[in-house]
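This briefing covers one protein chain, shown next. The notes after it are grouped by topic.

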Amino acid sequence: MSRGQPYPPRPSSSPARPGRRTDSQDYLLLASGACEENPLPPYAYYPVRGTENRLALRRQTILREKGRRLANRGPAYMFNDRSTSLSLDEERFLDAAEYGNIPVIRKMLEECTSLNVNCVDYMGQNALQLAVANEHLEITELLLKKENLSRVGDALLLAISKGYIRIVEAILNHPAFAEGKRLALSPSQSEFQHDDFYAYDEDGTRFSHDVTPIILAAHCQEYEIVHTLLRKGARIERPHDYFCKCSECSQKQKHDSFSHSRSRINAYKGLASPAYLSLSSEDPVMTALELSNELAVLANIEKEFKNDYKKLSMQCKDFVVGLLDLCRNTEEVEAILNGDVEMSHNSGEHGRPSLSRLKLAIKYEVKKFVAHPNCQQQLLSIWYENLSGLRQQTMAVKFLVVLAVAVGLPFLSVVYWIAPCSKLGKIMRGPFMKFVAHAASFTIFLGLLVMNASDRFEGIKFPPNETRMDNEKQLFRMKTSCFSWMEMLIIAWVIGMMWSECKEIWSQGPKEYLFELWNMLDFGMLAIFAASFMARFMAFWHASRAQGIFDANGRLDNNTKYYTLARINWDPSDPQIISEGLYAIAVVLSFSRIAYILPANESFGPLQISLGRTVKDIFKFMVIFIMVFVAFMIGMFNLYSYYRGAKQNEAFTTVEESFKTLFWAIFGLSEVKSVIINYKHKFIENIGYVLYGVYNVTMVIVLLNMLIAMINSSFQEIEDDADVEWKFARAKLWFSYFEEGRTLPVPFNLVPTPKSFLYLLLRIKKWISKVFRCHKEGFQEDAEMNKLGQSKQSSIRSADDLHLNSLSNPPRQYQKIMKRLIKRYVLKAQIDKESDEVNEGELKEIKQDISSLRYELLEEKSQNTEDLAELIRKLGEKLLIEPREEERRS
């Protein structure tokens, strides 16, 4: 009989059986001789026609079924010869365990004292494993009562993988799990226990040797089983750091590096499982966010398993999004975004929530979490703080508000400086008003940059080869290097922005500040502005010194004469020339800074994100581009450097000319005659033609089209998920204005407010109190040493007090909310799992139940038949006795 058949074969296939059933009695072959020398298979029927026919039928049935099993198993016996050592009792025992024949199992366990319950079939599975694999709970409970039962750990892992919760609970009640130490051991760790708890032999187990029961349950997303194991003290140990050099990690890495890496992945799969995250952590949101970032970092370190770690990181992010999706009110949303509802409201100034979890989500780029409607709704309510009516207004009304703020910015700044706690001051402190004020200030700054160049829109007043002075005693450079009032305003704005950036570096820290690319752009822009103004000041200072010497002496010497020259005669390294060049670069960067506020708009936000992604693609492309460009530049220079003056132009004769020619050739602005030589050196000229042609094909046709394809791919990625990308970028922009402080825009932030002095005094007071507290604690050390003799009594009292406090102090509000959300998540996961299950599994379970019921009914039938036969026999004897007694009496 093959193992694949769900039901045992009918006895009609036996050649020894008669063609039809008569009034002869049928017996199930378990009533007699359960432990005979030649036992009968538990599934065969036979007609009772004497002892000889019964034994012959038994031998034929056993031989037929054993041959059928051998034929069906086929080549498996080439790899395992265990079945050859099985006795007929053991084969019958294993078959009964596999097909759920409870009566046979019970009778053989009770009567067969010599039966080896740990015998295995051709696949190395014992009766316990076969019963668990086919979900026979009653047989599993019967087997677990036997002493010295092997492979209990394998059976537990098998039950967990199948999701048989009742069988898992039954196995966990086994004495082997009484102390709970076995639950924390994997098969590889149990090898050192020198027992057969796991089948850790040459065949190994069907699971990885580093998988513990709790890890496997987490992999299979079995919430009930994970909960049961957690209650029994099972935990998943977090793997050591990837660069850990401890003795344990070094030994595992040296012994088998691949197995060590796989064990780390299996552990992280368990830790990242929604079942384990939801049931094991008091703060599952924080745990999932931290774990997602850790897995993302590992994906960049362990490139071999990059896809596995990325998948696990995304699984943690989806778990957090799933919790946020189950929120039903504002309190639950705030609990997820802030961490602790009570602590966040107490710690946040002016009653604004801290949003600590949201900060972490933005930092780790959990975009779906940040862009979730529940999160966006909460952010929107904070964004329009103290201006709730403006939220429902049209775009035209909002534009008028922005215009009014821009016009009245000086007045609003003065009011906030004088009365920061007034109603108008609270409005100014709101995120939306802070954004409008800073945007208006930066717009004014850009206007100043434009107005500073407005006097040259129609051309300069005098050409660069002329000099003009206001009076005869004035040097020409004093007229060109002095600062105008417009430039003084620009300097004031730049200083204000530098002060704002310094405060941001102080609040965020240098590492977090440099992590944001916009901060790098601001830093570069302000540094170039500062360098430009410093060079301009140096030029003005040198001109002032020359003017002073000229005024004192009344004549020009060699040093002061330079400051009377026209622009075309200035040195190339003149400070004023350098200042003007740096100023032009800074102006370009200033206008590019407008892109920072574009995510506030739904239309321009995705375009700005695509532009940023394009810039990243260009930087990646530049590596290959520079490599090819430098190769052809040096090659063409080596080819034509000896022909300087012997060509139709100076292309490729110097490194500079080679760079210019090849660079502008990308845009089609170079000529073919650049490779022509005036002499008849056709070999060199032909090589030049070939190299120049290959360069144009490589750069223009191949590399440029590859760059276009990269840009198109990045744009399509953004476009496919434009809503999430835009909302995430907008949230980052909004969040920069949620922080307390930086209310006054540039340049009004240069004037210290009374509130700043108050905060400074409070910090000084806090620092002084901290110093005195530390000094006081030093004096208390001696007193604490004297109390060490009473440690035993105090420890007992503290334990009692702790117990009383745990009874009197109920769980915090945050814990209650998270417990509520986790219950919803687990119920939803179980419903989804039930709806996703295939009907084949349910049908198999029904077949197994029918098979077990069939054997029980057959046992009951056999018992009833025996009872009936006994009654008939007694009745017959009684009927025979009564006539004899009547004959005697007669």
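A charge counts as sitting over a ring if NZ of Lys or CZ of Arg is within 6 Å of the ring centre and within 35 degrees of the ring normal. Lys 647 is placed in this way over the face of Tyr 640, at 5.2 Å from the ring centre. The model is a predicted one, in which local features need pLDDT of at least 70 and side-chain atom pairs count only at pLDDT 80 or more, while totals for chains, interfaces and linings use all residues. Residues are numbered from 1 along each chain as its sequence is written, and side-chain values use heavy atoms, with hydrogens and water left out.

**Overall**

- The chain has 38 helices and two strands; these are DSSP runs numbered from the N terminus, with helices being H or I of at least four residues and strands E of at least two.
- Of the 890 residues of the chain, 42% count as buried, where buried means under 20% relative accessible area, exposed over 50% and partly exposed in between, with a 1.4 Å probe and protein chains only.
- Among contacts with a separation of 6 or more, 72% come from residues 24 or more positions apart; contact means heavy atoms within 4.5 Å.

**Helices α3 and α5**

- The axes of helix α3 (residues 102–111) and helix α5 (residues 137–144) come within 10 Å and cross at roughly 10°. Axes are lines fitted to C-alpha atoms, for helices over the stretch in contact, and angles run from 0 to 180 degrees between N-to-C directions.
- α3 and α5 are therefore roughly parallel to each other, given that angles under 35 degrees count as roughly parallel, over 145 as roughly antiparallel, 65 to 115 as roughly perpendicular and the rest as oblique.
- On the α3 side the contact is made by Ile 102, Ile 105, Arg 106 and Leu 109, and on the α5 side by Glu 138, Ile 139, Leu 142 and Leu 143.

**Aromatic rings**

- Rings of Phe, Tyr and Trp (its six-membered ring) pair if their centres lie within 6.5 Å; planes under 30 degrees apart count as stacked, over 60 as edge-to-face and the rest as tilted. By this rule there are 29 aromatic pairs.
- Phe 663 and Trp 664 form an edge-to-face pair, because their ring centres are 5.1 Å apart and their planes stand at 80°.
- Trp 664 also pairs with Phe 667, in a tilted arrangement with 6.0 Å centre to centre and 55° between the planes.
- Phe 663 is partly exposed at 29% relative accessibility, Trp 664 is partly exposed at 41%, and Phe 667 is exposed at 53%.
- Arg 477 lies over the face of Trp 570, with 4.1 Å to the ring centre.

**Buried residues**

- Tyr 825, in helix α37 (residues 813–836), is buried at 14% relative accessibility.
- Leaving out residues up to four places away in sequence, Tyr 825 touches Tyr 223, Pro 274, Phe 319, Gly 322, Leu 323 and Leu 326. Tyr 825 and Gly 322 are 503 residues apart in sequence, and their C-alpha atoms are 7.4 Å apart in space.
- Asp 154, in helix α6 (residues 152–162), is buried with a relative accessible area of 4%.
- Asp 154 and Pro 187 are 33 residues apart in sequence and 8.7 Å apart in space, C-alpha to C-alpha.
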